[in-house]
Amino acid sequence: MQQSLTVPAEKPRNGVAGLKHWRYDLRSGFTVAMIALPFSMGIAITSGAPPICGIVSAIIAGFVLPFLGGSYVTISGPAAGLAPALFAGMIMLGQVRLGDGASESELLAVGYPLVLVAIALAGVVQVILARLKVARLSAIFPAAAIQGMLCAIGLMIIAKQIPLFMGVTFDAREFWAILGEVPRRVGSINPEVFGLGVGCLAGLFVLTAISGRLLKVMPPPVWVFLAGTLASVFILKLDEHYLINVPGSLMDGIVLPDFGTVFAHPGLWLPLVYLVVTLVLIDGAESLATIAAVDKIDPFRRRSDPDRTLLAMGASNVASSALGGLTIIPGMVKSTANILGGGRTQWANFYNACFLLMFVLLFSDLINMVPLTVLAAVLVFIGYRLCRPAVWLNVARVGTEQFLVFAITLLVTLTTDLLIGLLAGVAVKLVLNLWLEGLWHTVHNHSDSANPSLVGRFLGLFRNPVAQRGFDEGAYHLYLDGSLVCFNLFHVIRELDQFPQDTQTVYLHVSSRVAVVDHTTSETLRYFLEEFSGQNESPTLLIEGLDHMRPLSKHEMSTRIALAGLEELGSPQPTDSRPTTPRETSGDSETPRYQTPPSRQSQARSEVVSRSNSIGITKTVPSASGVRCGPVGDSTDVGPRHGSQPREL
C-alpha cells in the first residue's frame, strides 16, 4: 500500500538564511557537544594520539563544515572507523624512521606528525575527487565487504581497549597478538580500574535497553561518562596514571605535520602513499554512506549533495591536520542526537564546536578527572555495536555468498589491515559475480559464439548497463540489458540523477539480458524507490521486468539471477506504430529512439515495487517506499549500514 511521507512545508537552509533557527541549533549544539567530548577523546586514544587531538578535530569540523555545506543536519568529527588505520600508520611510519627496536611510545611520537601529513594529502585528494564529481564511485564497494570491514573495526576497537580496562600496559599492538597476551596479564589486573570499566560497560547496555525522558535529552554514553567520572573522583580516587591528561593550554597539545621529514626521507613515500589511499577510500565510502542514512531521518526530507560533502570533508581534513587533528567523518550517533535535539541546519555543528572549545579552555581540570577506563567502556560499547551478533546473522540471511565476502573481508582485515581487507572483499565479490554470470551463460546459451569470454564478462561488469534512454510526455525511460552489480552501480546512480526537468515518472525496464542483480544494487534501488516517491516535487520510480529474477535466499535484499534464456531475448523493439521522438538527455551525445505502447504506459504508472517484495522479485504491485542502509560514516557512531535496518528514533 502507498506510504505517505509528511514533509514540513518550509525547509531550513544553511548559510545566513539558517541563522533564524538559532534557538533550535544552539540547544542541539550543546547536546551534541556533550556527546562529542568523550567520543573525540576516546577515538584519539585508540588512534594513538593525545586526547586533545580528538577534540581539536571535532572543533575544526564544526567551524569548517557549516560554511561549505553539502549536508544539513550531519555532525562530523573524528572517526573510530579510521582509528585502527591511523594507529597502524603511526607504527608503520615510526618504524621506517626509528627501526623495529623502538618502543611503542617512541614510534607513536615520531609517527604522529607523519600521519598528519598523510591526513593532509588525503584531504587534498578528496577535494580533487569532489571537484571531478566522482563521489558516486564509492558505490563500487560491495555491501558485504563494507559490513565485514566495519565488523573488523569493531573487534579491533574492543581489543585496543583491553589494556585500559585491565589497567595494564601491553606489549602487543595487533589484534591477534593482543588477544594472545591477555592470559599473561590477568594476574596484573588493577581491580578498581577493571571494576569501574565493567560497571560502566554494564551501565551502557542497561541504559540502552530501557527508555526514559532523560535518555532522550542525553544518550546513555553521556550519563555513563559523567557517572564513571564521579565514581572515580569521590569513591575510587584513582591515581593520575589512570586518568586522561589534557594540557592546560590548547596550544601545548597541538602537534604540527612534519612535511620536512617526509621530503627529506624518500623511504617514507611508499608507506605514506599506502596510508593516503587507505584514508581516502575508507573515509570517502563511510562519509557518503552516512549522509545518505542521515537524510532518511531528516524530518525536512532534505537531500545532501555527495560531491559537496566530499569537498567539505577534504577541506576539513586539511584544516584538521594543520592543527594536529585527526581525520574527520560524518557521525551517525551525533547526527541522530542533533535531529532529536531539534537541530535544523549546519549551524548546530558550529555551536557544537563553540561549546567544545569552551569546555577545553575553561574546564580542562575537570576533563583531566575522567578515567581512561570509562572512555574504554564507551568505545567497547561502540565496537560491540559494530560487530554484534545481529550483524553476522543478518548478513548470513542475505545469502551464503554474501557471508563469504563478509567473512573473508573480516578475517583478512584483522590479520593485515583495512585496505587489504577491503580489497580482498572486493576481489571475492568480483569472482562470485563472474561465476554467476558464467553459470547463467552456460545454462542458457546453446551457441559457443554467443557466450562471451572471461575477459568479456569481466569488462561487462563495469560497463554502463543502460542500453537505451528516452523522454516523452513526462516519462523518462531507462532500458537495462546488462547485469546490475556494485561495480557498474555508479552508472545507474548517475543515470537516475540526470533525468530531465519535466520528468514525472522514471521507468527502469529490466530486460532478460540482465543476468544478475546483486545485493548492493538491490539496496540502492530500494533507496531510490523512496527518493523517487512522487512527493515533494520528486518523480515516481517504476521498475519493470524483475519478475524473471530469482532470489538466492529468502531475504528481500538477496542477490538475484535471471531465469529466462538467451533464446527468448531480443533487442528492445518498437511495439507501437506511433512515432516517438525522445529528447536528448545528459550523458551520451545520441539518444536512441524508443516506442512504448499507451496501454503499457498506463499500466506501468499504476505499478511499482512493494515493500514486501523489496524491488519486485516476482510481481509488481502498488508501491511503498524502501530504505537504503549504508555503513557508518563515523564509526564511533553506530547507525544504519549495508544490509541492516535503521533503528527507530
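**View 1. Arg185 and Glu181 sit about one helical turn apart in helix 6.** The two residues are four apart in helix 6 (residues 175–185), so about one helical turn separates them. Helices (H or I, at least four residues) and strands (E, at least two) are DSSP runs, numbered from the N terminus. This is a predicted model: local features need pLDDT of at least 70, side-chain atom pairs count only at pLDDT 80 or more, and totals for chains, interfaces and linings use all residues. Residues are numbered from 1 along each chain as its sequence is written, and side-chain values use heavy atoms, leaving out hydrogens and water. Arg185 and Glu181 form a salt bridge, with the closest N and O atoms 2.8 Å apart. Such a bridge is a side-chain nitrogen of Lys or Arg within 4 Å of a carboxyl oxygen of Asp or Glu. Glu181 is buried, at 2% relative accessible area. Buried means under 20%, exposed over 50%, partly exposed in between (1.4 Å probe, protein chains only).

**View 2. Lys429 forms a salt bridge with Asp518****.** Their closest N and O atoms are 3.6 Å apart. Lys429 lies in helix 19 (residues 418–444) and Asp518 in the loop between strand 6 and helix 22 (519–531), so the pair ties together parts 89 residues apart in sequence. Both Lys429 and Asp518 are buried.

**View 3. Three strands form an open sheet in the order 6-9-8****.** Pairing is antiparallel; two strands pair if DSSP finds at least two bridges between them. Strand 6 (516–517) and strand 8 (549–551) are the edges, each pairing on one side only. Three bridges link strand 8 to strand 9 (residues 560–562). Met549 faces Ala562 of strand 9.
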